[in-house]
Amino acid sequence: MQKKRILVMIPAYNEGRVIKRLVQDISKRYPNYTILVINDGSRDDTAQKASQGGAHVVTLPYNLGIGGAVQTGFKYAHQKGYDIAIQIDGDAQHDPAYLKDVLSPVLNDEADLCIGSRFLSDRSRFKSTFLRRMGIRFFSVLLGWLTRVYLTDPTSGFRATGKHLIEHFSRYYPIDFPEPEAIKIATRYGARIREVPVNMRKRLGGTSSIRYFSTIYYMIKVTFAILIDTLKRKQ
Amino acid sequence: MQTKLFVIITSLLILLTVVELIRRQKMTFKYSMFWLGASFSGLVLSLNENILVTLSELTGFSLPSNFVFFLLLVAFIFLSLLLTLYVNEQNNRTETLAQTLALLEHEIRTIQSVQDTAHQSPKNPR
């Protein structure tokens with residue numbers, strides 16, 4: 001079997017305190033994968049710390065938001081011809097030990113998009129707050145209803161993407177709060193979607209892209225985006 | 001009669017300002033079309049008030065002035081929709097530019113570091 005080229009994408013915004021350790025951890029566990037840190041216009045030393053850790057660093061001139069950063073990663077993966085792109089958060093909330101679990105369904109060509117779910121794992125101590133869990137549950141039901149794909153953790157940003165989807169995502173990827181909408185888009189391209197259990201920790205640095213007061217905006221925006229996507233033509 | 005003159009002058013002023021802005025290349029035709037169209041139709045309507053009266057009767061407005069207000073409202077709603085569209089377009093473009101710039105910068109730095117290491121260990125067995 002031909003060896004597949006794998007890119008680990010880490011979107012990071014002001015993660016200077018933890019990024020180096022994370023990059024070193026990943027490169028020690030998986031020396032054959034390329035690590036790309038997308039520094040999303042950070043005001044701290046994220047870029048230097050990441051490249052000290054041995055990662056490739058792409059620095060955006062201003063803060064695009066998580067979706068814009070991840071899309072940059074997909075563009076990189078597409079341009080350089082990577083077969084699989086794995087996204088893992090820069091705040092060390094996602095445990096790199098589970099990277100291979102998220103990867104393997106895509107690597108074995110059993111899925112085009114594999115999502116790491118904190119709710120499938122008994123060992124994941126971090127389950128988020130009650131309100132957030134309600135929100136996540138809402139998107140599970142909505143996506144299940146619209147796409148017949150039932151996921152427990154559609155907001156998880158710990159995911160592996162196959163070559164076919166990389167190309168589509170490099171062309172269009174939602175700008176803010178992209179995760180649930182990206183799943184909807186993926187089903188439109190006929191992608192096979194899987195979920196695997198992962199362990200998530202409490203974040204060590206940075207802040208969630210979903211802050212307290214923007215939760216309502218988040219819920220409405222993502223719901224609207226998913227509904228709008230159903231109006232787009234199936235590929 | 002005074003009103004008519006006033007409206008004609010105002011429309012002409014707007015029209016000339018827009019033309020002057022295009023001449024000075026402060027506005028492109030694409031973005032001035034709305035203003036050209038609006039001031040031109042204002043001019044036509046003020047020069048020939050029969051058109052306005054006929055149109056307002058046709059659409060069921062009892063007062064032509066109400067019809068004018070209605071037209072203005074519609075025009076401005078349309079304009080702000082257009083402006084929102086333009087802002088979005090610009091937003092998408094700067095975003096694509098930022099991403100392309102970042103990827104190119106990374107590429108340049110990679111090439112540079114390859115060159116630097118090549119310079120540091122010159123293999124010139126002569």
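User: How many bridges join strand 2 of chain A to strand 3 of chain A?
Analyst: This is a predicted model, where local features need pLDDT of at least 70, side-chain atom pairs count only at pLDDT 80 or more, and totals for chains, interfaces and linings use all residues. Residues are numbered from 1 along each chain as its sequence is written, while chains are lettered from A and ligands numbered from 1 in the order in which they are written. Strands (E, at least two residues) and helices (H or I, at least four) are DSSP runs, numbered from the N terminus, and two strands pair if DSSP finds at least two bridges between them. Strand 2 (residues 34-39) of chain A and strand 3 (residues 56-59) of chain A run parallel, and the bridges joining them number 4.

User: Which hand does the β-α-β crossover from strand 2 to strand 3 of chain A have?
Analyst: The path leaves strand 2 of chain A and passes through helix 2 (residues 46-52) of chain A to strand 3 of chain A. A crossover is right-handed if, with the strands pointing away from the viewer, the path from the first strand over the helix to the second runs clockwise. This one is right-handed.

User: Which residue stands opposite A:Val37 in strand 3 of chain A?
Analyst: Leaving aside neighbours within four places in sequence, A:Val37 has contacts (C-beta atoms, placed from the backbone, within 7 Å). Among them are A:Ile10, A:Ala50 and A:Gly90. The residue opposite A:Val37 in strand 3 is A:Val57.

User: Why does A:Ile185 count as buried?
Analyst: A:Ile185 lies in helix 7 (residues 179-188) of chain A. A residue is buried if 20 or more other C-beta atoms, placed from the backbone, lie within 10 Å of its own, exposed if 12 or fewer, and partly exposed in between. A:Ile185 counts as buried because its C-beta neighbours inside 10 Å number 23.

User: What radius of gyration does chain B have?
Analyst: Chain B has 4 helices and 0 strands. Its C-alpha trace spans about 95 × 30 × 15 Å along its principal axes. The globule rule is 2.2 Å times the number of residues to the power 0.38, with the radius taken over C-alpha atoms. A compact globule of 126 residues would be near 14 Å, but chain B has 28 Å.

User: How many residues of chain A are in contact with chain B?
Analyst: Chain B brings 8 residues to these contacts. The number of residues on the chain A side is 13.

Note on methods. Contact = placed C-beta atoms within 7 Å.
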